Amino acid sequence: MSFLHMSGISKRFGATVALDGVELQVERGEVHALVGENGSGKSTLMRILAGAIQPDEGTMTLDGKPYHPSSPMDARKSGIAMIYQELALCPDLSVTENVLLGMEDTRLGFVRQSEQHERVRAALTQLGYPHLDLNAPVRNLPIAVRQIVEIARAVALGSSVVVLDEPTSSLTQADAQKLFEVVRTLKAEGHAIIYISHFLDEIKLLADRLTVLRDGNNVGTLPAAEVDANGIVTLMVGRTIDDVYPRSERTPGLPILEVNELMGRPKPDEATLELRRGEVLGIAGLNGSGRTELLRTIFGLEAVRSGKVKVGKFEGAAQPHQRWDQGLGMLSEDRKEEGLALTMPIADNLTLTKLPRIISSTRQAADTAIWIDKMKVRCRGPEQAIGELSGGNQQKVAIARLLYHEVDVLLLDEPTRGIDVGSKEQIYGVIDALALEGKAVLMVSSYLPELLGVCDRIAVMHKGRLGPARPVNELSQESIMQEAAGA
Ligand SMILES: Nc1ncnc2c1ncn2[C@@H]1O[C@H](COP(=O)(O)OP(=O)(O)OP(=O)(O)O)[C@@H](O)[C@H]1O
C-alpha cells in the first residue's frame, strides 16, 4: 500500500466537474510530479489533500490509515505541508516566529526562546541554510529565501508530505537550482514530495514519477525516466507540439517607444531603449534588478525622477489612463493585486478599461466569447466570476484584456507565469502575430528559453541599470546570466 493514496476523488463546482474519479499514489522518498493543463484539476486535488475543501466522492489513506482532514489545520497536524506560489508567511514576523507559527500551542507547549532558535536552526541547517539570520523579519528576505523558510516550517513541523505548487515560477535560475537541492534533501530524508510545475525540464530533472491530469481525469502515472518532455505534453494536451516558439520573418518599422536615460523612484537608475513597430524586445535580469519598475515607470504607475519616455508622438510623463489613450497597455506581474477584479465576471474584466466607450451587454458577451475561444480559457462562460477560474486561466483573461484594447505597444511582465505549455505556445503565437501586424512588445521574463525564443533583441537589467539591447542570435542563456549577475 502506498504511503499516500487518494482514490476515486471527484469534485464538482456547480456545473463544472473539476475532478472525476482521480487516483494518486505517492511514496515516501519520492518526488512525484503532478502535471496538467490550466484548469485540469491539480489545485483542486491538492486543496482536498490539504483539507481546504472536501471531495464529493473518494477516499484517502495516509501511512495505511484512513485520512479525511476536516480543515487545513487538521491536515497540517496529520503531516501534510502545502507550499503555495503565494507564500503564506507573515512579513513582519521573524524567521523563527514564522517557522514556529501555529506550532507552539499544538506540539511544543511553552517553549523557551533558545530552544525555539535551536529547532529552527536545525531545520534550516538540514536544508543547507545554516547561517540565515533567525531574527530578521521575513519581509527583508528575497523571495527565494522566504520559500526556504516556508519549507523549513514543514520540516520543523515533522511533515511527511510536502506539496510544492509551482515553486520556481518566481525564482531565477540560480535560485531554482538551490531549491532543487533542497527538494533532493527532503527526498533523501524520506519525505513524500508532490511537485506541481509547468516546466517540464524541471520535472525531468527532479521527479521519480509523474501523474498527468487532463480534464479532471488521471490519464497516466509513469516513471519520469520513461517519458521525454514531448511525451508529457502529448499526454497533457492530447496532441504533439512541434514548435513552441513560432517566429515569422519580421521587419521592424519606425520607433514607437523611446526611453531616454530614465530614472524612476526607486528604480530604474538608468534605462535607455528604443522599441520599433513590428519588434519584440525582451528584458532579462535577476529578481529585484528593477525590470518590473522599468515597465511601471514607463506606464506611469511610478514617478519619473528624470529622463524621457516618448510613446509615438506623445512625449513626457503621463498617468496610466493617458498611456492607454496613447496606445500603450500593460500586463502586470501581479494579476491579483492590480490586474483583475476577482469577484467580477470574465466579461467585465475583459472589457472594463475600454470604458467610457460604453458597449452593450450583448456585444460585451459576444466579444468575450470570441476571446474565451481564442485564448482557450477554460470556464463556463462570459458571466463566470474570474476568481473561480484556475490561476493559468485568470492569466489568459488578463492577456486577452490587453489584446482586446488593441493597443500599439504592449508591456508584458512575466506573461506566461503559471501557464501550461499548450497555452504558452498560443501566447507566443499571439505575440508573433502582433509583431507582424506592426505592433510592438516589450516583455520582461525570468524564463530565458522563452526570451530567446520569442524576442528579436534582449537587454539585460543589472542593479537598476539597463544594458544595451542585442540581437538574440548574439546571445545565449549563459551570456545573459553572466550579464545579469554583473560578471
Ligand atoms: N471555487 C470554484 N468555483 C468554481 N469552479 C472552480 C472553483 N475552483 C476550481 N474551479 C474549476 O475547477 C477546474 C479545475 O481547476 P484547478 O484550479 O484545480 O486547475 P489547475 O490544474 O490547478 O490549473 P492551473 O494550472 O491553471 O493552476 C477549473 O475548471 C476551475 O474553473
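pLDDT is the predictor's confidence in each residue, on a scale from 0 to 100. Averaged over this protein it comes to 89, and 95% of the residues reach 70 or more. The model also scores ipTM 0.97 and pTM 0.84.

What you have here is a predicted model, in which local features need a pLDDT of at least 70 and side-chain atom pairs count only at 80 or more, while totals for chains, interfaces and linings use all residues. Residue numbers start from 1 along each chain, following the sequence as written.

Which elements have the lowest and the highest mean pLDDT? Helix H4 (residues 104-108) has the lowest, at 48, and strand E4 (residues 57-62) has the highest, at 98. As for the labels, helices (H or I, at least four residues) and strands (E, at least two) are DSSP runs, numbered from the N terminus.

## Around the ligand

Let's look at the ligand next. There are 19 residues around it, and Phe 13, Asn 38, Ser 43, Ser 390 and Gly 392 come nearest. Strand E2 (16-26), helix H1 (42-49) and helix H15 (391-404) are the elements that give two or more residues to this shell. A residue counts as near a molecule or strand if its C-beta atom, placed from the backbone, lies within 6 Å of it.

The shell splits into three nonpolar, twelve polar and four charged residues. Here Ala, Val, Leu, Ile, Met, Phe, Trp, Tyr, Cys and Pro count as nonpolar, Asp, Glu, Lys and Arg as charged, and the others, Gly among them, as polar. Domain 1 (4-239) and domain 2 (244-485) each supply at least three residues to the shell; the domain bounds come from an automatic or database assignment.

## Two open sheets

Two strands pair if DSSP finds at least two bridges between them. Eight bridges join E2 to strand E1 (residues 4-13), and these two run antiparallel. Ile 9 has Val 22 in E2 as its bridge partner.

Another open sheet of four strands, also antiparallel in its pairing, runs E12-E11-E14-E15. At its edges are strand E12 (271-276) and strand E15 (314-315). Strand E14 (residues 304-311) pairs with E15 over two bridges, and Val 311 stands opposite Phe 314 in E15.
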